[in-house]
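Hi,

Here is the structure I promised to pass on. Please open it alongside this note; what turned up is listed below.

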Amino acid sequence: MYLQKILTSVLACVAIGSFSGLATAQNRGDDVVLDMSQAFRKGDRKKLSQLLPQARGHALEPWAAYWELRARLGDASSDEVEAFLARYVGTYQEDRLRNDWLLLLGQRRDWAGFAAQYPLYRMGDDREVKCYGLLVEQLKGQATPQMADEVRRLWYSLREADDGCTQAADRLYANKRLTATDLWRKARLATEANRPRAARNAVELVAPDALGELAQLNDSPVKFLAKRVAAPTRVRQELVVLALIKIAQTDPDAAANLLDTRWGVHLLPEEQHWVLGVIGKQLAMKLDSDAVRVFAKVNRDSDLNDDLLGWKVRAALRASQWRLALNALRAMSDEGSRDPTWVYWRARAQLALARTDEARQEALQPLQAIAGARGFYEQLAMEELGQRITLPPRPVPLSAEEKDAARNHPGLNRALYAIALGLRSEGNREWNYTTNLHSPGGMGDRELLAAADFACQREVWDRCINTSERTRNTADYEQRYPMPFRDQVLRRSRDIGLDPAYVYGLIRQESRFVMDARSGVGASGLMQVMPATARWTAKKIGLNSFTPDQLSERDTNITIGSAYLKLALDDFGGSMPMAAAAYNAGPGRPRNWRNGPVLDAAIWAENIPFNETRDYVKKVLANTTAYAALITGQPQSLKGRLGSVGPRDERIPEPNADLP
């Protein structure tokens, strides 16, 4: 088979022993592949067709061929597609193109063609393709009792307007398997997410005659409501709900006032509760104490979805309203209830309300299922159960055969080749597909450990970490928490009085130790430092010869990044959670977020309004605790690193008031 020649070329690269310099030394076709990558990004179909013959036989030929055909897929014949799928059978590129082709077949309503290809689709992670698949089952009369729930879940999770799930929902609604409330809820979610096209698609299914009013509502929800005095029909009620949601996004107090004084009496209880949930969420994201008062008006928590319930829990935790939090937690879906975040806080709420030893023991029991060193709430669960955080023993060492299987795997090698060539996005996708999606359920634990070891040996640290984290029943924490550049990090950290575990915890989250990592806003290097921040920090620490281009140098990046982290830590009185928040979101925001009651820092972190920063702070602190256990060999405490968070003592001068 022709592909064997390509795979042999990939495996030959492994024998070199290192991928450094591969882009210039191993294959003269590398420049062709890179040119084709650029042409694909620009949509230059002519150049792709011209270059493809020169990429034949190259280790990354499957990528070159994919780009060329994908760029003209709308005009390609089914025979061309079938030929590509046969030529590159078993590869990521085969399944990637099949994914693209299935979407196109669904849009064309070619259900016979779709039905022929869908059973061969291995990746299975495209929600719109899944919806098309469910729609085909409906058309064949093979709908299952669970189908409506699955379509609803997929449709709600898609933020952008789509065709597949919208069509599947339309069919289910026509067959009375989905209700009008289901469709209006999709419109509410899309309106809250500021996705007017997705909202329009949902409204068109349930009330096509209302599209004109929906357009007016989107133009100005305030004017829309001002011109109406009542909501005599279900459609008008739901349009009022959408208008109030839209107003709440920018002015939750105004939305609350309109609901209280004018529109509440016209809405059904479920509709009122949803609007209150959105208003409460917006107030909670502003850390406004009124959020609890608004959420308390929702007397049937089952009317809210998990996202709104989550914000109700956060607001209740901030106000020490444990009963309110517990009621909201009990109303979450089964899926939401299994999230370690809510398992932990449900136990904490039950503990706070427990009056007997028996009740306290019952509250602690669910924590047994999540307790461990794996993540933030898993570590806190360990401590709640009275245990210090220790890392499990390393698994049985990999055998030579297990290591060889990873080193000789074509997909893993092709992924590493692409990464070495500078095609990191393509390499990451192929690696993730190979480890997680090519076979049902992904690789087994031992295979994942071997693949992670392969990446570690090649110093492709992000693939090493991400792959190691996927193991389910065993874990190698030295592999999950590698310590590249150990001498430099430990020496620099200790020179400035900073916990090296904290530095490692932050680098792991910022860049996964990718030296040339660069964010969309210009942060660069291991510690993802912004140029302006770097200049300020360099001046602060007396690094007079610094220029921003030096951020690409490992040691300089570590020097600047760790110095800024130490300055932030000093500015926030040694609070690791607040310093981490400042590193991610800038110091001004956590300075505002700390105002209010003195809080357990876990509650403070869970109430951070930005999803990215909230996740970042929790991961950095969990990383830090794991690294501390590795560096010291001693049991650790996450709670000890968290402490409490409250307003700054105004009597104490700010050490770094100009911290950027």
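Helix α32 (residues 486-495) and helix α35 (residues 554-571) cross at roughly 35°, and their axes come within 10 Å. Keep in mind that this is a predicted model. The crossing of α32 past α35 is right-handed.

Which residues make the contact? On the α32 side they are Gln488, Val489 and Arg492. On the α35 side they are Arg554, Asp555, Ile558, Thr559, Ser562 and Ala563.

Now the empty space. As a reminder, rolling a probe the size of a water molecule over the atoms shows where empty space is left. I searched the whole structure for cavities of 30 Å³ or more, and one came up. The largest cavity holds about 30 Å³ of space.

What lines the largest cavity? The residues are Ala256, Leu259, Asp260, Leu276, Arg293, Val294 and Lys297. Two or more lining residues come from each of α17 (252-263) and α19 (290-296). Of the elements, α17 gives the most, with three residues.

Which classes make up that lining? Four residues are nonpolar and three are charged. No polar residue takes part in the lining of the largest cavity.

To look at both places, start with Val489 of α32 and Ile558 of α35, which are among the contact residues. Then go to Leu259 and Arg293, two of the residues that line the largest cavity.

Best wishes

Definitions and conventions. Residues are numbered from 1 along each chain as its sequence is written. This is a predicted model: local features need pLDDT of at least 70, side-chain atom pairs count only at pLDDT 80 or more; totals for chains, interfaces and linings use all residues. Side-chain values use heavy atoms; hydrogens and water are left out. On a 1 Å grid over the protein atoms alone, a cavity is a set of points where a 1.4 Å probe fits but cannot get out, and a pocket is an open set with protein on both sides within 12 Å along at least five of seven lines; lining residues have an atom within 4 Å of a point. Grid points are joined across faces, edges and corners, and a volume is the space filled by probe spheres set on the points. Helices (H or I, at least four residues) and strands (E, at least two) are DSSP runs, numbered from the N terminus. Ala, Val, Leu, Ile, Met, Phe, Trp, Tyr, Cys and Pro count as nonpolar, Asp, Glu, Lys and Arg as charged, and the others, Gly among them, as polar. Axes are lines fitted to C-alpha atoms, for helices over the stretch in contact, and angles run from 0 to 180 degrees between N-to-C directions. A crossing is left-handed if the near helix is turned anticlockwise from the far one by less than a right angle, and right-handed if clockwise. Contact means heavy atoms within 4.5 Å.
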